[in-house]
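My notes follow in the order I worked.

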Amino acid sequence: GNVVSLRSFKRIWKRAMPNLKFMVPSQDVCARCEALRDRMRVALSEQGKLDLSDKLKEHVELAQSEREYYNDRIAEAKESPEKLTHITFDFSENFAIPYRSRQPGPLYFKVMFRINDFGIANEGAKEQTHFLYTECQTIAADNGKSHGPNTVASMLHYYLSQTPHAPHIHAHCDNCVGQNKNKTIMAYFCWRVLCGLEKEIQVSFMIVGHTRCSVDGGFGTAKKKFRTSDCDTPQQL
């Protein structure tokens with residue numbers, strides 16, 4: 001018989017099996033999702049599999065609900081930027097310098113100089129601000145406490161003091177207790193409202209394992225540019 005063209009084959013494939021796809025490698029996946037899937041694979045009883053499947057479904061639905069809420073707040077901030085500012089903040093992986101896009105062999109074995117990166121994405125304004133500081137500029141020695149609540153509060157305060165924003169702020173961040181979900185950050189936001197700097201600040205925390213958000217896209221763009229460049233100093237970075 002005649003062999004169909006590749007274009008026709010893809011069209012038939014998409015129409016007949018739209019949900020069948022090739023699995024792509026994933027990073028930073030949800031540990032709870034993976035643990036439940038692993039337990040389902042080795043469960044001996046059918047009831048055990050069903051119970052684990054229900055737990056996985058409940059967890060995924062909760063994450064999807066939080067994601068919908070996150071997207072709704074971004075849409076609201078874009079529609080009414082004079083009323084609401086939506087920000088997302090997080091830390092990126094450290095940059096290590098010096099860096100060469102064509103790395104010489106001996107450079108691979110050197111201990112690199114670390115640059116910390118804290119990002120704040122303003123989705124309504126479609127802007128992202130990066131705070132870069134070296135391992136010599138942290139609160140404690142040897143890069144200690146570089147990601148602590150005092151550091152986060154300091155950079156948030158500088159950003160909110162220097163950037164025009166609406167009287168109502170909605171912030172999203174991950175569930176990291178050592179950085180965001182602690183009394184220091186909550187007290188800082190309360191202080192801003194009590195001082196009249198804002199009328200209201202709401203803080204929402206993404207579901208553990210499902211924290212990918214717009215600020216991570218900004219980090220990815222910066223990393224992509226970094227990997228194709230030569231960088232020797234913090235000023236060049």
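I count a charge as sitting over a ring if NZ of Lys or CZ of Arg is within 6 Å of the ring centre and within 35 degrees of the ring normal. The model is a predicted one.

**Charges over rings.** I looked up Lys181 and found it over the face of Phe205, at 5.4 Å from the ring centre. I also noted Lys223, which lies over the face of Phe95, 4.1 Å from the ring centre.

**Salt bridges.** I searched the whole structure and got 6 salt bridges. I wrote up some of them, including the pair Arg192 and Glu198, whose closest N and O atoms are 2.8 Å apart.

I then took Arg41 and Asp38, whose side chains form a salt bridge at 2.1 Å, N to O. I placed both residues in helix α2, which covers residues 31-42. They are 3 residues apart there, about one turn of the helix. I logged Arg41 as exposed because its relative accessibility is 59%, and the cut-off for exposed is over 50%. Asp38 has 35% relative accessibility, so I logged Asp38 as partly exposed.

Next I went to Arg114 and Glu135, which meet through their side chains in a salt bridge of 3.3 Å, N to O. Which parts does this pair tie together? I found Arg114 in strand β3 (residues 113-122) and Glu135 in the loop between β4 (127-134) and α4 (149-162), so the bridge ties together parts 21 residues apart in sequence. I read a relative accessibility of 35% for Arg114, which therefore counts as partly exposed. Glu135 is also partly exposed, with a relative accessible area of 22%.

**Aromatic rings.** I counted 9 aromatic pairs. One of them is Tyr188 with Trp191, a stacked pair with 6.1 Å from centre to centre and 25° between the planes. I call this pair stacked because planes under 30 degrees apart count as such. I found both Tyr188 and Trp191 in helix α5 (residues 183-194), 3 residues apart, or about one turn of the helix. Tyr188 has a relative accessible area of 10%, so I noted Tyr188 as buried. Trp191, at 40%, went down as partly exposed.

Last, I asked which residues form one aromatic cluster. I listed Phe89, Phe91, Phe118, Phe131 and Tyr158.

Methods
Residues numbered from 1 in each chain as written. Predicted model: local features only at pLDDT ≥ 70, side-chain atom pairs only at ≥ 80, totals over all residues. Heavy atoms only, no water. Salt bridge = Lys/Arg side-chain N within 4 Å of Asp/Glu carboxyl O. Helix = DSSP H or I, 4+ residues; strand = E, 2+ residues; numbered from the N terminus. Buried < 20%, exposed > 50% of the residue type's maximum accessible area, 1.4 Å probe, protein only. Phe/Tyr/Trp six-rings, centres within 6.5 Å; stacked < 30°, edge-to-face > 60°.
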